Amino acid sequence: CKTQMAELQVDYTTVDPVPYKKTLAFVNNFVINTTQFLNRFSDLCETKLSEVSRQLQKLEITMNILEAKLASIPGLEDIKAEVPQEIVSQVPLPDVSSSITPVSTQVKEAVPVETAIVDSTPSGVTYDSDPRYTYYFKLLKNGVPRPRVEERMTIDGVDTSILDKSKDIAPPQQENATREESSSEDDADFNDD
């Protein structure tokens, strides 16, 4: 094997060099292909990032709407969901079904409190702090489009001009209206789709 290598030794001083045009063509081809690859990769990454950003915005809006709906239920202000420290320290998201279960049982327990809070609306309260209308102002605050909120108000039988009078004093609530509102809130379909 060593004897064959000794016989195959080539004197490179006698070999003609690779033509410059060929070398230049190879380098240009490499640069063009690499640039095209990087451009496609960059475009793909940008597309995926924009899709993830759009999904995050959608999720954030959904969370804001959910928080506004939960905040509109009287009696839940003092209830705090306890999350174990193990879940907080984990990098992956916790199981949503396990964290929602305690809240739904607490909502059922809080239903009798709802009528007491609605009945005790003090006079001289502004529209945006009146329990009858805070739900709609929180929806606006959380980024729900105004036409969507007005549509919800119309479905609930609430005057849409209240949104323009957020700092005005709300009229005191009547007993009959209180009972009708509390029963309509229990039966209301909060599905926004």
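This is a guided tour of a predicted model, going from one selection to the next. Residues are numbered from 1 along each chain as its sequence is written, and side-chain values use heavy atoms, with hydrogens and water left out. Because the model is predicted, local features need pLDDT of at least 70 and side-chain atom pairs count only at pLDDT 80 or more, while totals for chains, interfaces and linings use all residues.

Select threonine 13 to begin, in the loop between helix H1 (2–7) and H2; helices are DSSP runs of H or I with at least four residues, numbered from the N terminus. Threonine 13 is exposed, at a relative accessible area of 68%, where exposed means over 50%, buried under 20% and partly exposed in between (1.4 Å probe, protein chains only). Its side chain is joined to that of aspartate 11 by a polar contact of 2.7 Å, a term for a pair of N or O atoms within 3.5 Å, one able to donate a hydrogen and the other to accept it, with residues adjacent in sequence counting only if both atoms are side-chain atoms.

Next, select glutamate 51 and arginine 54, which form a salt bridge with the closest N and O atoms 2.7 Å apart; the term requires a side-chain nitrogen of Lys or Arg within 4 Å of a carboxyl oxygen of Asp or Glu. The two residues are 3 apart in helix H2, and are therefore separated by about one helical turn.

Move on to arginine 146 and aspartate 164, whose salt bridge also has its closest N and O atoms 2.7 Å apart. Arginine 146 lies in helix H6 and aspartate 164 in the loop between H6 and helix H7 (175–187), so this pair ties together parts that are 18 residues apart in sequence.

Now select threonine 126, in the loop between helix H4 (96–119) and helix H5 (134–141). Its side chain makes polar contacts with the side chains of aspartate 128, at 2.6 Å, and serine 129, at 2.9 Å.

Finish with the largest nonpolar core, which has 15 residues, among them Tyr133, Tyr136, Val149, Met153 and Ile162, those with the most contacts inside it; such a core is a set of buried Ala, Val, Leu, Ile, Met, Phe, Trp, Tyr and Cys residues joined through side-chain atoms within 4.5 Å. H5 gives the most to this core, with 4 residues.
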